[in-house]
Amino acid sequence: MQKNHFYPIGTPDQPWGTAERALWRARHVRQRSYADDVLSAIDALRGRFDVEAYGEVRYADEQHPAERFPLLAIRSRHWQPGLPGVLVTGGVHGYETSGVHGALRFAEVHAAGFAGRANLLVVPCVSPWGYERFQRWNFDTLDPNRSFREGTPAQESAALMRLVASLQGQFAAHIDLHETTGTDESEYRPALAARDGKQFAPGSIPDGFYLVDDTDNPQPAFQQAIIDAVSRITHIAPADDKNEIIGSPVVALGVIRYAMKPLGLCAGITGARYTTTTEVYPDSPSASPAQCIEAQVAAVCAAVEFACRQNR
């Protein structure tokens, strides 16, 4: 029987080694500029917010010159004890454009409106190498959003964990902005199967916006507030014929649950009461990339507003 293995790197049933990882890196060249798109946008906000350098990502191998990416966070200028802290993260998967630009647009347009009500920390692009190359993985073929755990080898995840640790106990909410593109089926999932020496089984991509709540700390009212806000911007992903989204039971319209901490997900790092991961589909025939950015912004505004209301 012919094996269903079509990814052009690797040998069927054998996990990648150093040579295969190098070949994968060579396939993915820089396509956009983190400095131009993200750092310049953050610099433009320095007059209104504190901008904090929380680390640096450095990568190099024999085929690639050294690359260095400063990691920056946008922080409320007047951080006040007693106010709810809200962490907004984007670009944990660098290719997920609406998360990066949704976080930046929230900071530019809406964050000031929460002054005196919430302490905001916005990290627009956790994975800059992946952002420049439209990749889910980092340089080392690691998924940052499965790497938020003690001793992680993922530089991006380790740096964000250090930043959050410095503010331990101050977060009421964390919203982590993600999207799923058509390349998940054409590139990422085949590459994942090849990397791990497994067979690729084709799947499908949910058409619309949905949320991932925490199995160990479900907060249905928080999720519902976000779904309500986003439904005014774009459509909510329906369940499939098994009442599932990406293989997980739908617990409410547009809501599934994952075990965030055991899976090493970004949304599990703060210990906040209210946490969620957004997902939107910019390749949908019923939504545009610009609409997806606005959906992310609406989700963040609803999350912050919910945290503020709970603090009254």
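This report describes how helix H3 packs against two other helices, H8 and H2, in a predicted model.

Residues are numbered from 1 along each chain as its sequence is written. Local features need pLDDT of at least 70, side-chain atom pairs count only at pLDDT 80 or more, totals for chains, interfaces and linings use all residues, and side-chain values use heavy atoms, with hydrogens and water left out.

Two packed helices are described by the angle between their axes and the distance between the axes. Helices are DSSP runs (H or I, at least four residues) numbered from the N terminus; axes are lines fitted to C-alpha atoms over the stretch in contact, with angles from 0 to 180 degrees between N-to-C directions.

| Helix pair | Axes come within | Crossing angle |
|---|---|---|
| H3 (residues 97-110) and H8 (residues 289-310) | 8 Å | roughly 55° |
| H2 (residues 34-43) and H3 | 11 Å | roughly 10° |

The axes of H3 and H8 cross at roughly 55°. The crossing is right-handed (the near helix is turned clockwise from the far one by less than a right angle). Contact (heavy atoms within 4.5 Å) involves H3 residues including Arg105 and Phe106, and H8 residues including Glu294 and Val297. The contact residues divide into 7 nonpolar, 6 polar and 2 charged, with Gly counted as polar.

H2 and H3 are roughly parallel to each other, and their crossing is left-handed. Asp37, Val38, Ala41 and Ile42 of H2 meet Val100, His101 and Leu104 of H3. These residues comprise 5 nonpolar, 1 polar and 1 charged.

Technical notes
Parallel < 35°, antiparallel > 145°, perpendicular 65-115°, else oblique.
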